[in-house]
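Here is a short briefing on a protein model.

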Amino acid sequence: MNPKRKPNDYSVGYRNDRERRSALALVYPIFAYFLVCQIVNMLVGLLPNAAQIDAVKRQGMGSLAAFFVLWFCFIHGETTESGEKRKVFTAPVSGHLAGGVLMAVLLLGCAGIGMNNLIALTELKQASGSYQTVEQAFYSSSLGWEILSLGLITPVAEELLYRDIVFGRLRNMMGRSGAIVGSALIFGLIHMNIVQTIYACALGLVLGILMEYYRDVRVVMCGHIAANILSLLRGETGFLAGLQPGSAWFLPVTVILLVIVALVAGLYAKNFKKD
């Protein structure tokens, strides 16, 4: 039987306080996520037409399967203090939530473009062979499959893991600041290459601030989706082609976007609800 959960309370899913504060509470869901992805990838490789299923489609299938495993193993069945089942996707949609989704889309869109521009000013992409391998693999499918897999399914699964489960458990262990910074670092380091680590850590901080403020994973899911889809459109369609290194607008726009993100995220942090 799952313990009851108070509204906005992250202390859920543990038998006792010792377990709640154990580092293993972080390891279990992360291990489960990647184990499922690996199993799905292995099973897909056994199919007769495995050669026709590219890395993008495999990523989508693995993330979708991992989402359901995380849901049923770590979230399904949680109850609130009143004894009602915890609602995630079926919770009422309010004006506050709608405003949060809009702000997340705009903020993460600006952060994604700004961070990509900032990284483009360096030689990190050229110096990281592992990043080039990942980039080549994840731009190997059609735009439709890339948007479905990398722009929709994967962000939803990752936010369920990093901003719902991992963030909540870190918050119990380390408090608000520890949860925001810790979930961002884990999210970045798990990508295993310097380019994606820097990018994901920066966006993870913004996502963590939004998660703490709205306490609704749907908000950060929408923000992550926006950042990924913008990145895909930019890479595949020439969207924002005029915003390339060396152009007159490149540096001013990059600085403006990152300043906007920093200021808005700072305002959110300043107005955190008291525990």
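A residue counts as buried when its relative accessible area is under 20%. Glu 212 has a relative accessible area of 2%, so Glu 212 is buried. The model is predicted. A search of the whole structure finds five salt bridges, and several of the residues involved are taken up below.

- Arg 163 sits in helix H7, which spans residues 143-189.
- Its relative accessibility is 0%, so Arg 163 counts as buried.
- Glu 159 is buried too, like Arg 163.
- The side chains of Glu 159 and Arg 163 form a salt bridge, with an N to O distance of 2.8 Å.
- The contact between these two side chains also counts as a polar contact, at 2.8 Å.
- Glu 159 and Arg 163 are about one helical turn apart, because four residues separate them in helix H7.
- Leaving out residues up to four places away in sequence, Arg 163 touches Glu 158, Ser 183, Ala 184, Phe 187, Gly 204, Leu 207, Gly 208, Met 211 and Val 220.

- Arg 171 and Glu 212 meet through their side chains in a salt bridge of 2.8 Å, N to O.
- Arg 171 belongs to helix H7 and Glu 212 to helix H8, so this pair ties together parts that are 41 residues apart in sequence.
- Arg 171 has a relative accessible area of 12%, so Arg 171 is buried.
- A network of salt bridges links Arg 171, Arg 176, Glu 212 and Arg 215.

**Arg 218 and Asp 216**

- A further salt bridge joins the side chains of Arg 218 and Asp 216, at 2.8 Å from N to O.
- Arg 218 counts as buried because its relative accessibility is 11%.
- Asp 216 is also buried, with a relative accessible area of 15%.

**The largest pocket**

- The largest pocket holds about 1400 Å³ of space.
- Its lining has 45 residues, and Val 134, Phe 138, Leu 150, His 191 and Gln 196 lie nearest the centre.
- Helices H2 (24-45), H3 (55-75), H4, H6 (129-138), H7, H8 (194-214) and H9 each supply at least two residues of this lining.
- H9 provides the largest share of the pocket lining, with seven residues.
- By class, the pocket lining has 25 nonpolar, 15 polar and five charged residues.

**Cavities**

- The structure holds two cavities of 30 Å³ or more.
- The second largest cavity has a volume of about 30 Å³.
- Gly 112, Ile 113, Asn 116, Tyr 199, Ala 227, Leu 230, Ser 231 and Arg 234 line the second largest cavity.
- Helix H4 (95-120) and helix H9 (217-237) each supply at least two residues of that lining.
- H9 gives the most to the lining of the second largest cavity, with four residues.
- The lining of this cavity has four nonpolar, three polar and one charged residues.

Definitions and conventions
Residues are numbered from 1 along each chain as its sequence is written. This is a predicted model: local features need pLDDT of at least 70, side-chain atom pairs count only at pLDDT 80 or more; totals for chains, interfaces and linings use all residues. Side-chain values use heavy atoms; hydrogens and water are left out. Buried means under 20% relative accessible area, exposed over 50%, partly exposed in between (1.4 Å probe, protein chains only). A polar contact is a pair of N or O atoms within 3.5 Å; within protein, one must be able to donate a hydrogen and the other to accept it, and residues adjacent in sequence count only if both atoms are side-chain atoms. Contact means heavy atoms within 4.5 Å. On a 1 Å grid over the protein atoms alone, a cavity is a set of points where a 1.4 Å probe fits but cannot get out, and a pocket is an open set with protein on both sides within 12 Å along at least five of seven lines; lining residues have an atom within 4 Å of a point. Grid points are joined across faces, edges and corners, and a volume is the space filled by probe spheres set on the points. Ala, Val, Leu, Ile, Met, Phe, Trp, Tyr, Cys and Pro count as nonpolar, Asp, Glu, Lys and Arg as charged, and the others, Gly among them, as polar. A salt bridge is a side-chain nitrogen of Lys or Arg within 4 Å of a carboxyl oxygen of Asp or Glu.
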